[in-house]
Amino acid sequence: MLAVTLPPAAPVTGTAPRVRLIRERPAADVPAPARARAGSPRDVADLLRPVLEAEEVEVFVVLCLDAQHRVLARVEVTRGLLNASLVHAREVFRVAIALGAASIILAHNHPSGDPTPSAEDRAVTRDLVAAGRILDIPVHDHVILGAGGRYVSLAESGLANLGAL
């Protein structure tokens with residue numbers, strides 16, 4: 001969470017007021033075990049399955065990672081409809097920037113149980129990878145979770161131009 005504090009109003013002296021940015025880590029949002037390593041798509045699927053598998057709507061989350069691929073935070077970006085979720089780059093990267101994340105991993109569930117990526121999944125991934133390149137925050141993967149422990153990694157599948165973990 002990014003908080004902005006302003007000093008009390010002061011008489012105008014010709015200088016601009018100073019603004020301090022405060023960075024807070026959302027401790028309640030760090031997955032157990034804390035600082036888990038997301039070194040492979042299987043790690044990501046295992047980490048998120050308990051959170052996403054039972055959801056009845058699409059839930060899009062971002063794992064913010066440090067330089068050693070340890071999870072700094074798990075952030076729910078959107079909660080959608082039965083088969084769709086709106087995702088905007090500003091929401092995806094806001095927390096990653098605030099936490100100083102070295103990289104991110106995208107993930108969401110398919111309530112239908114079939115983890116096959118849709119055309120929209122691939123388009124959203126392409127857009128977020130492009131935004132990450134501009135911000136110098138690489139998107140390492142987009143993992144889609146289905147039922148019965150099944151998942152699809154867009155990086156492993158070659159369906160997106162992503163940097164490998």
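Biologist: Which residue in β7 does L145 stand opposite?

Modeller: This is a predicted model, in which local features need pLDDT of at least 70, side-chain atom pairs count only at pLDDT 80 or more, and totals for chains, interfaces and linings use all residues. Residues are numbered from 1 along each chain as its sequence is written, and side-chain values use heavy atoms, with hydrogens and water left out. Strands (E, at least two residues) and helices (H or I, at least four) are DSSP runs numbered from the N terminus, and two strands pair if DSSP finds at least two bridges between them. β6 and strand β7 (residues 151–153) run antiparallel, joined by three bridges, and the residue opposite L145 is Y151.

Biologist: Which residue takes a positive phi in the hairpin of β6 and β7?

Modeller: Five residues lie between the two strands of this hairpin. The one with a positive phi, near 65°, is G148.

Biologist: In which sense do β5 and β6 pair?

Modeller: Strand β5 covers residues 103–109, and its N109 stands opposite L145 in β6. Over six bridges, the sense of the β5 and β6 pairing is parallel.

Biologist: How many residues of β6 are buried?

Modeller: Buried means under 20% relative accessible area, exposed over 50%, and partly exposed in between, with a 1.4 Å probe and protein chains only. Strand β6 spans residues 139–145 and is mostly covered. The number of its residues that are buried is seven of seven.

Biologist: What is the mean pLDDT of the chain?

Modeller: pLDDT is the predictor's confidence in each residue, from 0 to 100. In this chain 72% of residues reach 70 or more, and the mean is 81.
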